[in-house]
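Biologist: I am new to this structure. Please pick a single part, look at it closely, and tell me how its pieces meet.

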There are 2 protein chains.
Amino acid sequence: MPDLIVKTPKAPYYAVIFTSVRTSNDNFYALMSAEMEAEVIKQHGFLGFESARNEIGITVSYWKDLASIRRWRENAKHQIAQQNGREIWYKEYCVRICKVERDYTG
Amino acid sequence: MPDLIVKTPKAPYYAVIFTSVRTSNDNFYALMSAEMEAEVIKQHGFLGFESARNEIGITVSYWKDLASIRRWRENAKHQIAQQNGREIWYKEYCVRICKVERDYTG
């Protein structure tokens with residue numbers, strides 16, 4: 001099992017905070033999630049992700065740079081998932097692109 | 001009930017991503033969480049927070065600027081919570097201070 005908390009490199013690096021509220025419409029959501037996970041780990045510049053869901057879902061993915069984030073956003077399989085997300089799975093969502101300026105662990 | 005997804009202002013603003021893995025030691029954890037929530041919403045520059053926990057817990061708090069984040073880190077009640085967190089509640093954690101450069105919602 002991978003580490004739950006991602007071992008990111010020395011800052012600066014980038015984070016994409018994706019927060020969402022699900023609809024009750026499942027429609028292969030788990031399958032899409034698994035496929036996106038298999039796809040994202042192959043992306044250049046991808047550093048890892050952390051995810052949890054209760055009433056709200058929060059997935060934070062970490063990236064080397066903004067160019068890697070842009071490429072992933074434009075990835076063909078991911079584009080289909082994003083469209084299904086907007087139309088079927090998510091009642092509401094927010095994507096925030098962030099520069100991680102510093103961090104500390106304990 | 002407040003919005004689950006925080007209505008943040010136009011970027012840039014700041015995010016603190018706190019990811020943690022809990023110990024099995026409860027010791028008033030829920031009480032501390034409720035107290036910290038009551039305290040943080042009073043802080044100058046605080047914009048809101050989003051939180052979810054399964055195997056990993058992710059809490060993202062949003063702030064107007066770095067000075068507000070520093071003041072909250074140094075807040076006396078929060079200092080006690082942080083110490084208990086390190087010693088009792090968290091097996092592992094990571095705090096990442098981020099500048100939100102852009103965002104979009106759907």
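Modeller: In chain B, the axes of helix 1 (residues 29-40) and helix 3 come within 11 Å and cross at roughly 150°. The axes are lines fitted to C-alpha atoms, for helices over the stretch in contact, and angles run from 0 to 180 degrees between N-to-C directions. Helices are DSSP runs of H or I with at least four residues, strands are runs of E with at least two, and both are numbered from the N terminus. The angle makes helix 1 of chain B roughly antiparallel to helix 3 of chain B (under 35 degrees is roughly parallel, over 145 roughly antiparallel, 65 to 115 roughly perpendicular, the rest oblique).

This is a predicted model: local features need pLDDT of at least 70, side-chain atom pairs count only at pLDDT 80 or more, and totals for chains, interfaces and linings use all residues. Residues are numbered from 1 along each chain as its sequence is written, chains are lettered from A and ligands numbered from 1 in the order in which they are written, and side-chain values use heavy atoms, leaving out hydrogens and water.

Helix 1 of chain B and helix 3 of chain B make a left-handed crossing (the near helix is turned anticlockwise from the far one by less than a right angle; clockwise would be right-handed). Which residues make the contact? Helix 1 of chain B brings Tyr29(B), Met32(B), Met36(B) and Glu39(B). Helix 3 of chain B answers with Lys77(B), His78(B), Ala81(B) and Trp89(B). Contact means heavy atoms within 4.5 Å. By class, this contact of helix 1 with helix 3 in chain B has 5 nonpolar, 1 polar and 2 charged residues (Ala, Val, Leu, Ile, Met, Phe, Trp, Tyr, Cys and Pro are nonpolar; Asp, Glu, Lys and Arg are charged; the others, Gly among them, are polar).

Now chain A. Helix 1 (residues 29-40) and helix 3 (residues 76-89) of chain A have axes that come within 11 Å and cross at roughly 150°. They are therefore roughly antiparallel to each other. Helix 1 of chain A passes helix 3 of chain A in a left-handed crossing. Here Tyr29(A), Met32(A), Met36(A) and Glu39(A) of helix 1 meet Lys77(A), His78(A), Ala81(A) and Trp89(A) of helix 3. Those residues divide into 5 nonpolar, 1 polar and 2 charged.

How do the chains relate? Chain A can be laid on chain B with an RMSD of 0.0 Å, by a turn of 180° and a shift of 0.0 Å along the axis. The two copies are thus related as by a two-fold rotation axis. The same surface serves both copies: 100% of the contact residues of chain A recur in chain B. The superposition is by least squares on the C-alpha atoms of residues with pLDDT of at least 70 in both copies.

Helix 3 of chain B has another partner. Its axis and that of helix 2 (residues 66-74) of chain B come within 5 Å and cross at roughly 70°. That makes helix 2 of chain B roughly perpendicular to helix 3 of chain B. Trp72(B), Arg73(B) and Glu74(B) of helix 2 touch Ala76(B), His78(B), Gln79(B) and Gln82(B) of helix 3. This contact of helix 2 with helix 3 in chain B has 2 nonpolar, 3 polar and 2 charged residues.

Asn27(A) sits in the loop between strand 1 and helix 1 of chain A. Its phi is near 45°, a positive value in a residue other than glycine.
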